[in-house]
Amino acid sequence: MKEAIGTGATVDAALDAACQAIGLGRDQVEFEILEMPVKKTFGLFGGAPAKVRVFVEDSPSQKALAYLQGLFGAIGIQQPEATVEEGEGCATITLDGEDVGFLIGRRGETLDALQYLAGLVANRGTEQYYRITLNSGNYREKREKTLSSLARRMAISAVRTGRKTSLEPMNPYERRIIHTAVQAVRGATSWSEGEEPNRHVVIGPDKTVKPQANGGRPPRRGGGQRRGGRPSGDRRPAAPAPSPSKEPQKVKPEVPLYGKIDPKNYSGSDDQ
């Protein structure tokens, strides 16, 4: 919280002095009148100026960032460069620097712990929940892609084999990523089991969805190919058998085995 106290002959003058001290305009601060001005008696004795206190409440993201910077200073690491992106009821704090690997930890466990603590500080004294997301070196984006790819592979395997698979314990944010990715695979479902910090996701087949005949695999191009034959989707009609010829057959005249012997030309001797 930023605050300043200003004095003046009137309340307006004291308010302007306090705003000038804090470096903000009247529309950016809240103020509290500490003392009203007192006029001098007979214009000579007594009297007192007005005193006004102006202050600015830190936003939840500013509270979280201030807590993190104090924590980094307490453990003796170099302050990383921090950028804050405000949103509707949420903020993302991105840390960049030499020690970001140390801040991420194994599988993001250190980063998740810092995010949890920063969220507690940001929501202290507030009625509505304000979400704080802590990121470092695009770790969140890379982790989300890895988890989405893992969830799709496990979901496809569950549809194909009909078996369920239990994943390692994850925080609520990472479990949501898994559930979202599994929903995109037809015939697969996911649910959470166990208690924190060992709560994990289980991926299995959805028994309410009728399995496809080909096990959920996409059809082959060209209609597929049978073993030892041409592709089933490229069949050719069999060639028709040749029809028998209808031309009349010629009947050959009967010819005797031996020629006819004319007795007039037969001399009775074989010698010529």
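Predicted model: local features only at pLDDT ≥ 70, side-chain atom pairs only at ≥ 80, totals over all residues.
Visitor: OK, how many helices and strands does the chain have?
Guide: There are six helices and nine strands in the chain.

Visitor: Back to α1. Which of its residues are buried?
Guide: Val 11, Ala 14, Leu 15, Ala 18, Cys 19 and Ile 22 are buried in α1. They cover an arc of only 135 degrees around the axis, which puts them on the same side of α1. That arc is taken from the directions from the helix axis to the C-beta atoms. Buried means under 20% relative accessible area, exposed means over 50%, and partly exposed is in between (1.4 Å probe, protein chains only).

Visitor: And what do those buried residues pack against?
Guide: The buried residues of α1 pack against β1 (2–8), β2 (30–35) and β3 (50–56). A contact means heavy atoms within 4.5 Å. On the other side of α1, Gln 20 and Ala 21 are exposed.

Visitor: Switching to α6, what span should it have?
Guide: With 12 residues (172–183) at 1.5 Å a residue, helix α6 should span 16 Å, and its end C-alpha atoms are 17 Å apart, which agrees. The expected span is 1.5 Å times one less than the number of residues.

Visitor: Which residues of α6 are buried?
Guide: In α6 the buried ones are Glu 174, Arg 175, Ile 177, Ile 178, Ala 181 and Val 182. Down the axis of α6, its buried residues fall within an arc of 155 degrees, so they line one face of the helix. Their cover includes α5 (139–161), β8 (188–193) and β9 (200–205). Thr 180 and Gln 183 are exposed, on the face of α6 turned away from its buried side.

Visitor: New topic: how many salt bridges are there?
Guide: The count comes to 10 salt bridges. A salt bridge is a side-chain nitrogen of Lys or Arg within 4 Å of a carboxyl oxygen of Asp or Glu.

Visitor: Which residue does Glu 3 form a salt bridge with?
Guide: Glu 3 forms a salt bridge with Arg 53, and the closest N and O atoms are 2.8 Å apart. The pair links distant parts of the chain, with Glu 3 in strand β1 and Arg 53 in strand β3, 50 residues apart.

Visitor: What about Glu 32, what does its side chain meet?
Guide: The side chains of Glu 32 and Arg 53 meet in a salt bridge, 3.0 Å from N to O. Glu 32 lies in strand β2 and Arg 53 in strand β3, so the pair ties together parts that are 21 residues apart in sequence.

Visitor: Which residues are linked in a network of salt bridges?
Guide: Arg 107, Arg 143, Glu 168 and Glu 174 are linked that way. Glu 174 is also one of the buried residues of α6.

Note on methods:
Residues numbered from 1 in each chain as written. Heavy atoms only, no water. Helix = DSSP H or I, 4+ residues; strand = E, 2+ residues; numbered from the N terminus.
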